[in-house]
Amino acid sequence: MASGKSFSDYRHFVRRYAQFSKVFYLSQSLLPKERGLSSKSQEVLCMLNKRRTDAQRIIAELNSSLSSVCADCKGECCRGSYDHFTYIDYWLRRYSESPLQTCGTEGFVPFRQSLLKRFGLHDQSNDKIGRNGCTFLHDGGCRLAVTDRPIRCVAFTCSRLRRAMDTQKHVMYGRLIRDLFLTSVCAFNILKEEADFPTRYGYLSLLVTP
Ligand code: SF4
Ligand code: SF4
């Protein structure tokens, strides 16, 4: 049973997070932020943003019974002085009632480094990210409502948090993160189309994510 859960952890959370990182990374060079999009793309992005907020709202409900785990650790995963919002967050919200003014790129970890990290071989002493803390972090945790948080933050789960989930919650959480991932991929597809990139751009990279 334990190994079943470990594999499920890997498949639905660890590997998925690595795939998210790739989509975030690949999307940042597609279009300049000030570029206007077609009305059809705007409409689809608004629809996708609604899907994103719905998924994040349900994740918040699931998280309510797990909040003591994060409260005890005081937001270890919220370290990093970079902007946790990515271009995917930016474009999803661009035509919403609460658009983002900015988004960051510094949180991206090069692939080789992320692989070493995954296997515990990464020397963290040289990391420039990881110590100062996100500007939204305060003593009581994140200032932002879960629906307003960066996708990156909502999609991240540490092993402590996953261990605190019972099987049913684990499955539901994995499904919601998958939904957030598919929403991000749909937004990525729109950006590719607007930038005249081939639809297949990035797919192989996502597929071979270890
Ligand atoms: S997800 Fe994990 S590392 Fe992040 S605040 Fe919760 S317990 Fe801490
Ligand atoms: S936005 Fe909130 S959840 Fe994300 S890193 Fe900052 S404090 Fe943490």
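Biologist: Where is the place of Asp196?

Modeller: First, this is a predicted model: local features need pLDDT of at least 70, side-chain atom pairs count only at pLDDT 80 or more, and totals for chains, interfaces and linings use all residues. Residues are numbered from 1 along each chain as its sequence is written, while chains are lettered from A and ligands numbered from 1 in the order in which they are written. Helices are DSSP runs (H or I, at least four residues; strands are E, at least two), numbered from the N terminus. Asp196 has its place in the loop between H8 and helix H9 (203-207).

Biologist: Is Asp196 buried or exposed?

Modeller: Asp196 has a positive phi of about 60°, although it is not a glycine. A residue is buried if 20 or more other C-beta atoms, placed from the backbone, lie within 10 Å of its own, exposed if 12 or fewer, and partly exposed in between. Because Asp196 has 7 other C-beta atoms within 10 Å, it counts as exposed.

Biologist: What is the distance between the end C-alpha atoms of helix H2?

Modeller: The expected span of a helix is 1.5 Å times one less than its number of residues. Helix H2 (residues 39-63) has 25 residues, so it should span 36 Å, and this agrees with the distance between its end C-alpha atoms, 36 Å.

Biologist: Which helices do the buried residues of H2 pack against?

Modeller: Leu45, Leu48, Asn49, Arg52, Ala55, Gln56 and Ile59 are the buried residues of H2. An α-helix has 3.6 residues a turn, so residues three or four places apart point the same way. Contact means C-beta atoms, placed from the backbone, within 7 Å. The buried residues of H2 pack against helix H4 (87-93), helix H6 (151-155) and helix H8 (167-194).

Biologist: Which residues is Gln28 in contact with, leaving aside its neighbours within four places in sequence?

Modeller: Gln28 lies in the loop between helix H1 (2-27) and H2. With 18 other C-beta atoms within 10 Å, Gln28 is partly exposed. Once its neighbours within four places in sequence are left aside, Gln28 is in contact with Tyr87 and Thr105.

Biologist: Which element gives the largest share of the shell around ligand 1?

Modeller: Residues count as near a molecule or strand when their C-beta atom, placed from the backbone, lies within 6 Å of it. Around ligand 1 these include Cys70, Cys73, Cys77 and Cys158. Two or more residues of this shell come from helix H3 (67-73) and from helix H7 (159-163). The largest share, 3 residues, is that of H3.

Definitions and conventions: Contact = placed C-beta atoms within 7 Å.
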